[in-house]
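I shall ask you to look at the structure first, and then we shall go through it together.

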Amino acid sequence: MEPFLISPHQTIPMQRIIIHLDFDSFYASVEENRKPEIRGKPVVICVFSGRTVDSGAVATANYKARELGVKAGMPIMFARRKASEETVFLPYDIEYYREVTDRIMAMLEDECDVLEQASIDEAYMDVSEKSRGSWEAAEAIAARIKQMIREQENLTCSIGIGPNKLMAKMAGKARKPDGLTVVREKDVAEFMEKLPVEKIHGIGTKTVETLHSMKIMTAKELAQCNPLVLEQKFGGNKPQLLMDKAKGVDESPVEPRQAQQISKMKTLKEDSNDPEKIASEMAEMAGYVRKKVEKKNVTFRTVSIILIDTQLGMQTRSETIGQTDDVTNALATAKNLLQKYLNENRGKKIRRLGIRVSNLEYEKKQRSLDDFLQR
DNA sequence: CGACGTGTAAC
DNA sequence: CCTTTTACACGTCG
């Protein structure tokens, strides 16, 4: 889709219509479908780190559990304290959730011009053409999508429709669960005005803190402030970016995403600085990375290790090598980086670690054995 | 500019 | 008392 309609005399920015779709407490809902006996109960999906019985964090809580005060991101231990007798705690099963998502995303591709899967439970859809520029038509598309997902997967989602990705996303947040909210171009200013800065998508804790220290509390104040004031506190492009967001402006296109990196992290059972021990964990994680690299049929150029120490400080070390698909090679590089790190940081103990490959190339079309034999 | 390391943000 | 994975921006260095 062309971003602009070009007439002989002028360039008219085309009005886009973007849908954002977000499954309601996705992991929990999927588990409720898989295990009917837990339906109606508070459900908490957990990432258990394995360090102690209940160490780890909450990935998702269903609405029943949220009523009890359980929230995503919370340590499982906290959630246990808040939870009631009947609350169900389940380990997350990412592979199963991915299967469900993949089915739905395949379906969504047919319902829009361009699909951008933003995460396991979120997608943007450009429906400018499919709706022929009509907000009503876009709303009908959204309603049909909701119905399809309900009928075929027994899941609900919240949908936002707006003139760009930012507004679609924020519209979707306005009504949950099972919501459908349209913010037309002409209604953007009014929608944004009421919001405190911390409700703007993409403005996180650090930025909020700085804005508050400047007495900028609402999107309206941010949108109308003097850019020079922001430039005192923020560098580079950030002032412009912040003001655009506050005004509900976002030109970024909806485009298909491909992974830029593949990584695997793990929490150690006990803090350690034993090279042998850490290297063997590294090898295990490399096995997982290998699987993913094979599945995606990619090559990579950069290998990194990620280390989180006892104080939860994160450090990375990386090295760029020749384009390769050989994860064994990556593991060797990772072990070298690890060796170097441990030498530079004598005595520092590691809590969590990870391995990552990046600088991915998707061009790699490998000749199959058949092709090979035919020569 | 490419490579590397850190910070911010979101899920 | 603290997960996992990904993306991207930016500063710095050579």
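Please keep in mind that this is a predicted model. I begin with DNA strand B, which has 18 residues around it; those that come nearest are Lys 169, Gly 202, Thr 207, Ser 318 and Thr 320. Which parts of the strand face the protein? Among the atoms of DNA strand B that come within 4 Å of the protein, 98% belong to sugar and phosphate.

Let us turn to individual contacts. In the side chain of Thr 207, an N or O atom is 2.2 Å from a phosphate oxygen of DNA strand B. For Arg 301, a polar side-chain atom lies 3.2 Å from a phosphate oxygen of DNA strand B.

Two elements, helix H8 (205-213) and strand E13 (314-324), each give two or more residues to the surface near DNA strand B. The largest share comes from E13, with six residues. How is this surface made up by class? There are 10 polar residues, seven charged residues and one nonpolar residue near DNA strand B.

My last topic is the cysteines. The structure holds zero disulfides. Cys 157 counts as buried, because its relative accessibility is 1%. Cys 46 also counts as buried, at 1% relative accessibility.

Conventions: Residues are numbered from 1 along each chain as its sequence is written. Chains are lettered from A and ligands numbered from 1 in the order in which they are written. This is a predicted model: local features need pLDDT of at least 70, side-chain atom pairs count only at pLDDT 80 or more; totals for chains, interfaces and linings use all residues. Side-chain values use heavy atoms; hydrogens and water are left out. A residue is near a molecule or strand if one of its heavy atoms lies within 4 Å of it. A polar contact is a pair of N or O atoms within 3.5 Å; within protein, one must be able to donate a hydrogen and the other to accept it, and residues adjacent in sequence count only if both atoms are side-chain atoms. Helices (H or I, at least four residues) and strands (E, at least two) are DSSP runs, numbered from the N terminus. Ala, Val, Leu, Ile, Met, Phe, Trp, Tyr, Cys and Pro count as nonpolar, Asp, Glu, Lys and Arg as charged, and the others, Gly among them, as polar. A disulfide is a pair of cysteine sulfur atoms within 2.5 Å. Buried means under 20% relative accessible area, exposed over 50%, partly exposed in between (1.4 Å probe, protein chains only).
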